[in-house]
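Keep the structure open while reading.

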Amino acid sequence: MTTGDIDPELGSESLPASQLGEGLAGDQVGDGVALPSVRETVRHLFKIQERRAEVYHRMRGSFAKLLNSKDETAYNTKCQEYTCEFRNCSREVRQLEAALKASAEGEPVAALLDKLQNCEKTKLQMTCTLQVLKKAHNECTWDWQKEGELTSGERGDEALVYEAPPPPPEESDDAPSAVPPQGLGRCACMAAGCEVGSAQPPSRDEYHAAVSEATQILEDTVNEVNEILEELRYVVEEDN
């Protein structure tokens, strides 16, 4: 799978401070700019999370089509769109977080938004990791898929060497690209450090271990996201 570079600013303009609370009930602060209340800010966050869920739904559908059609060009184009949408969501959440930090009341909620953003970043990374692994498996080019499993013992000194990959570069809006790494490249599995696109392909066990570890990280992250959102629901409901 080949992909082009994504412009991190594409379709991701930040909202002016004067528009941050647009459509939300808020208090006048500082120079008269209205900032949303904590409860209204959290309600707006849930709308952003709904958008994220919708993008994930479309992303899964596009990936299913890729596995059937092998049309990488169409999929890569869609991934660029998803990247922009995820990036927009991340920037909006960071803006809400910054607004919450303007008051003592909002500080604890701002901390939850920061935690949520870090989880969302991991969630997207692991989702892309699993897609790359599944695409590689779907191509049926590995020896054990064609002729039976090659064990590390059978390969002797040529056994796959695990090497931890460098962390992904930090981006200003802390949203990773939804576009999978070029080719299968180094570290199709960020969690297991398995170079499934290297000259020496992984064994069956190595592949399944990589999928299992990435899946576990994804599941743990989704659970953490749900716990954070549950805490945030209390903020909205406590005074109702």
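The text below goes from helices to cysteines to aromatic rings.

**Helix packing**

This is a predicted model. Start with helix α1 (residues 38-69) and helix α3 (residues 107-138). Their axes come within 12 Å and cross at roughly 5 degrees. That angle is under 35 degrees, so α1 counts as roughly parallel to α3. The residues of this contact split into 13 nonpolar, 5 polar and 5 charged.

Met126 sits in helix α3. Met126 has 5% relative accessibility, so this residue counts as buried. The C-alpha atom of Met126 is 7.2 Å from that of Ile217, although the two residues are 91 apart along the chain.

**Cysteines**

After α3 comes Cys140, with a positive phi near 55 degrees. Is Cys140 buried, exposed or partly exposed? Cys140 is partly exposed, at a relative accessible area of 44%. Cys119 is buried, at 7%. How many disulfides are there? With a cut-off of 2.5 Å between cysteine sulfur atoms, the count is 0.

**Aromatic pairs**

The structure holds 5 aromatic pairs. Two of the pairs are tabulated here.

| Pair | Centre to centre | Angle between planes | Class |
|---|---|---|---|
| Phe63 and Tyr75 | 6.0 Å | 55 degrees | tilted |
| Trp142 and Tyr207 | 5.4 Å | 55 degrees | tilted |

Take Phe63 and Tyr75 first. Phe63 lies in helix α1 and Tyr75 in helix α2 (residues 72-100), so the pair ties together parts that are 12 residues apart in sequence. Phe63 is buried, at 7% relative accessibility. Tyr75 is buried as well, at 2%.

Now Trp142 and Tyr207. The planes of these rings stand at 55 degrees, so the pair is tilted. Which parts does the pair tie together? Trp142 lies in the loop between α3 and α4 (143-147), and Tyr207 lies in helix α6 (residues 204-237). The pair therefore links parts that are 65 residues apart in sequence. Trp142 is buried, with a relative accessible area of 5%. Tyr207 is also buried, with 6%.

Trp142, Trp144 and Tyr207 form one aromatic cluster.

Conventions. Residues are numbered from 1 along each chain as its sequence is written. This is a predicted model: local features need pLDDT of at least 70, side-chain atom pairs count only at pLDDT 80 or more; totals for chains, interfaces and linings use all residues. Side-chain values use heavy atoms; hydrogens and water are left out. Axes are lines fitted to C-alpha atoms, for helices over the stretch in contact, and angles run from 0 to 180 degrees between N-to-C directions. Helices (H or I, at least four residues) and strands (E, at least two) are DSSP runs, numbered from the N terminus. Angles under 35 degrees count as roughly parallel, over 145 as roughly antiparallel, 65 to 115 as roughly perpendicular and the rest as oblique. Ala, Val, Leu, Ile, Met, Phe, Trp, Tyr, Cys and Pro count as nonpolar, Asp, Glu, Lys and Arg as charged, and the others, Gly among them, as polar. Buried means under 20% relative accessible area, exposed over 50%, partly exposed in between (1.4 Å probe, protein chains only). Rings of Phe, Tyr and Trp (its six-membered ring) pair if their centres lie within 6.5 Å; planes under 30 degrees apart count as stacked, over 60 as edge-to-face and the rest as tilted.
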